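Me: I have a model open and want to learn how to read it. Can we go through it feature by feature?

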Amino acid sequence: MQPFTTLTGLVAPLDRANVDTDAIIPKQFLKSIHRTGFGPYLFDEWRYLDTGEPGMDCTHRPRNTEFVLNLPRYAGAQILLARQNFGCGSSREHAPWALDGYGFRALIAPSYADIFYNNCFKNGILPIILDEKQVDALFQAVLAQPGYQLTIDLATQTVLTPTGETFVFTVDSFRKYCLLNGLDDIGLTLQHADKIKSYEIRHRQEAPWLF
């Protein structure tokens, strides 16, 4: 998993509340259990005017020119600004896979669905919680200024605006450690690889009939 330390990135504003995981990545794409390849289908029903299917080439699909991610000014955005209860609905881990595949490294919203929130950390995405007044202010700034960027520093747990204003966010210390060091559940386990190997050797010697 890619570590998250600091990020200065373009912000894309998704001004909708209660965005569920079926909107983030529609159900037909859940046939695949690979973590990669979902970026082109992020918000598929909102980005395109036809119905997407797994494996479809999205290069020439008709696009909804009014959807925020199809606007040229937000091309290459790495930070998604959203409203309350982002990621509600089913618990599919494909949702953070799609966000990551598109290029988003961080999310900012007043609240998230619990399972989605946990899944983001496990997949290298930082979901930041700010209060609604702060989020409102960011929406206004992003819409008013093309090319609006924020700087996120996980170590200091701060979001820095172009005008120098700083927003402080909280994050669980264990999740912070994992993101800073690029450790998912497998990476955490492999930190104890020597102990695991020693146990396997000892267990084989103590109970050879099991092998």
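Reply: Start with how elements are named: helices (H or I, at least four residues) and strands (E, at least two) are DSSP runs, numbered from the N terminus. In this case, arginine 105 is found in the loop between α3 and β3 (106–109). This is a predicted model, where local features need pLDDT of at least 70, side-chain atom pairs count only at pLDDT 80 or more, and totals for chains, interfaces and linings use all residues. Residues are numbered from 1 along each chain as its sequence is written, and side-chain values use heavy atoms, with hydrogens and water left out.

Me: Is arginine 105 buried or exposed?

Reply: Buried means under 20% relative accessible area, exposed over 50%, and partly exposed in between (1.4 Å probe, protein chains only). Arginine 105 has 10% relative accessibility, so it counts as buried.

Me: Which residues does arginine 105 touch?

Reply: Contact means heavy atoms within 4.5 Å. Not counting residues up to four places away in sequence, arginine 105 touches Gln2, Pro3, Phe4, Leu7, Gln78, Gly124, Ile125 and Leu126. Now look for polar contacts: pairs of N or O atoms within 3.5 Å; within protein, one must be able to donate a hydrogen and the other to accept it, and residues adjacent in sequence count only if both atoms are side-chain atoms. A polar atom of the arginine 105 side chain lies 3.3 Å from the backbone oxygen of glycine 124.

Me: What lines the largest pocket?

Reply: First, the terms. On a 1 Å grid over the protein atoms alone, a pocket is an open set of points where a 1.4 Å probe fits, with protein on both sides within 12 Å along at least five of seven lines; lining residues have an atom within 4 Å of a point. Here the lining consists of Met1, Gln2, Arg35, Pro96, Trp97, Asp100, Arg105, Lys122, Asn123, Gly124 and Asp184. Helix α3 (residues 94–102) gives the most, with 3 residues. As for volume, it is the space filled by probe spheres set on the points, which are joined across faces, edges and corners. For the largest pocket that is about 160 Å³.

Me: Where is lysine 122, one of those lining residues?

Reply: Lysine 122 sits in helix α4. With 39% relative accessibility, lysine 122 counts as partly exposed. Leucine 179 is 57 residues away from lysine 122 in sequence, yet 8.3 Å away in space, C-alpha to C-alpha.

Me: Which residues of α4 are buried?

Reply: In α4 (residues 114–122) they are Phe116, Tyr117, Asn119, Cys120 and Phe121. Their cover includes α1 (21–24), α3, β3, β4 (126–129) and α6. After α4 comes glycine 124, with a positive phi near 80 degrees.

Me: How do I read one face of a helix, as in α6?

Reply: An α-helix has 3.6 residues a turn, so residues three or four places apart point the same way. In α6 (residues 173–181), Lys176, Cys178 and Leu179 are buried. Seen down the axis, these buried residues fall within an arc of 165 degrees, so they line one face of α6. The arc is that of the directions from the helix axis to the C-beta atoms. At the start of α6, a side-chain oxygen of aspartate 172 comes within 3.0 Å of the backbone nitrogen of phenylalanine 174. Glycine 182 follows α6, and its phi is positive, near 65 degrees.

Me: Which side chains have polar contacts with arginine 83?

Reply: Aspartate 15 is joined to arginine 83 at 2.7 Å, and aspartate 136 at 2.4 Å. Arginine 83 lies in the loop between β2 (79–81) and α3. Arginine 83 is buried, with a relative accessible area of 16%.
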